[in-house]
Amino acid sequence: MQSEMNLNTLSIDSKYLFEQLCTEKKLLEGWREVKRNRGTSGSDGQTIEDFETKLHEEIKQLRQDLIEWNYEPQPVRRVEIPKPESKTEVRELGVPCIRDRVVQTTIKQLLEPILDPIFSESSYGFRPGKNQQQAVEAAQKIVQSGKKFIVDIDLSKFFDRINQDRLIARLSKIIEDRRILRLVGMTLRSGVMKDEMITPTVSGVTQGSPLSPLLSNLVLDELDKEIEKRGLEHCRFADDCNIFVKTQKAAERVMQNISEFIEKKLKLVVNQAKSKVADSSLVKFLGMTIVEGTRAIAKKSLSRAMKEVKELTPRGTYENLETTIKRINSWYMGWSNYFSMTQYPSQLGAIEAHIRRRLRSRIVSQQKSRRNLFHKLIKRGISRSKAAAACFSNKKRWALSHTNAVERAYPNRWFIQEMDLQIRSKENKEHWFDIKKWVCLA
């Protein structure tokens, strides 16, 4: 076998991908990405920290197992997480063992520079240099060009239904190294462990595997090419695909034809109940919607955010305000980092106003009695007459939180300056409209 030094100089687009994989250098690069991504243990219980404790021995043994073909991927550990838009449905993820994640990540690092350049420019999901905002902006430009009707295609259990034979066959047309193809096949068929029971995987790609985004893009690249061959414009992020046309009639025809292609050629299933043809203002794409050519946070996304605020500020708790605000800040900064792609800062302002009202309601509730609230408001600088008018009215806690007396006692600046409640709606981003401009969501 060639020396380690020579293997490290091999081109990644040659037929010697397996030799590249079997170098400590490449396996360590894979390990570093696995470590950055963190994650929990797989079916063998080994954690990131456990693996790192014996890193040199683990990498050396893994390399030896690969070279001698003693390597065998372990079943992934099944994890179920609730879907955000459903009370009953769950998304099934698979957590590979750490050593399997290292191998899969290294394979991904070797394959990605070869596969990614052949993918469509209209594919934005899990690709180097591409992201959700670019996808939404591209969709916006297409709608602005006059193609406001969207064919919104939903694939039913896409990752579970990928035809493994078709996937390997397509990969083999691009990748010469049959040994890499064999390893990918072994990974696909490694099985799933749930409640100590192992189930074979004869179809699908494990959602949660380091290889799954790249392989799923390879599968759906056929769809991209077919759409482009028909002269249609589209945007796709993973399995979320929107096709844009000028008329309702054209959209209905495209829906029928593309659905047939997906089911007959790709051997996948279109979810007819969730797929639809509609005006862009009625379609949610990556949490956003295009309304009259502008980007706005979708109605469902705003509703979920309001629900999250409610869960972060529950009734009947005596948790101090500082602790609650820290938790809210942690969630809101992450949420707003993504949704600040909206052109309407007023949407962020609405969430921020709702957060403050929930906190004022908490303050009202924690006073236990109206008399206590009355004295609290006076201490905060409210006149006796205004405090009495608010506290000794028939208004209940939620209505009290919106009274002039309570809002003046606990103004916006108090939450922001003294309690360090984070806001984003005043940032004046370049793509934002004036904060007074509102959008009507269907």
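## Conventions

A crossing is left-handed if the near helix is turned anticlockwise from the far one by less than a right angle, and right-handed if clockwise. Helices (H or I, at least four residues) and strands (E, at least two) are DSSP runs, numbered from the N terminus.

The model is predicted: local features need pLDDT of at least 70, side-chain atom pairs count only at pLDDT 80 or more, and totals for chains, interfaces and linings use all residues. Residues are numbered from 1 along each chain as its sequence is written, and side-chain values use heavy atoms, with hydrogens and water left out.

## Helices H13 and H14

Helix H13 (residues 299–312) and helix H14 (residues 321–339) have axes that come within 10 Å and cross at roughly 165 degrees. Axes are lines fitted to C-alpha atoms, for helices over the stretch in contact, and angles run from 0 to 180 degrees between N-to-C directions. H13 is therefore roughly antiparallel to H14; angles under 35 degrees count as roughly parallel, over 145 as roughly antiparallel, 65 to 115 as roughly perpendicular and the rest as oblique. The crossing of H13 with H14 is right-handed.

On the H13 side, Ser301, Leu302, Ala305, Glu308, Val309 and Leu312 meet Thr324, Arg327, Ile328, Trp331, Trp335 and Phe339 of H14. Contact means heavy atoms within 4.5 Å. This contact of H13 with H14 has eight nonpolar, two polar and two charged residues. Ala, Val, Leu, Ile, Met, Phe, Trp, Tyr, Cys and Pro count as nonpolar, Asp, Glu, Lys and Arg as charged, and the others, Gly among them, as polar.

## Helices H14 and H15

H14 also packs with helix H15 (residues 345–366), at an angle of about 170 degrees and with the axes 12 Å apart. H14 is thus roughly antiparallel to H15. Among the contact residues are Ile328, Trp331 and Trp335 of H14 and Ile351, Ile355 and Leu359 of H15. By class, the contact of H14 with H15 has twelve nonpolar, two polar and two charged residues.

## Helices H11 and H12

The axes of helix H11 (residues 212–229) and helix H12 (residues 248–264) come within 11 Å and cross at roughly 145 degrees. H11 passes H12 in a right-handed crossing. Glu222, Leu223, Glu226 and Ile227 of H11 meet Ile258, Phe261 and Ile262 of H12. Five of the residues in the contact of H11 with H12 are nonpolar, none polar and two charged.
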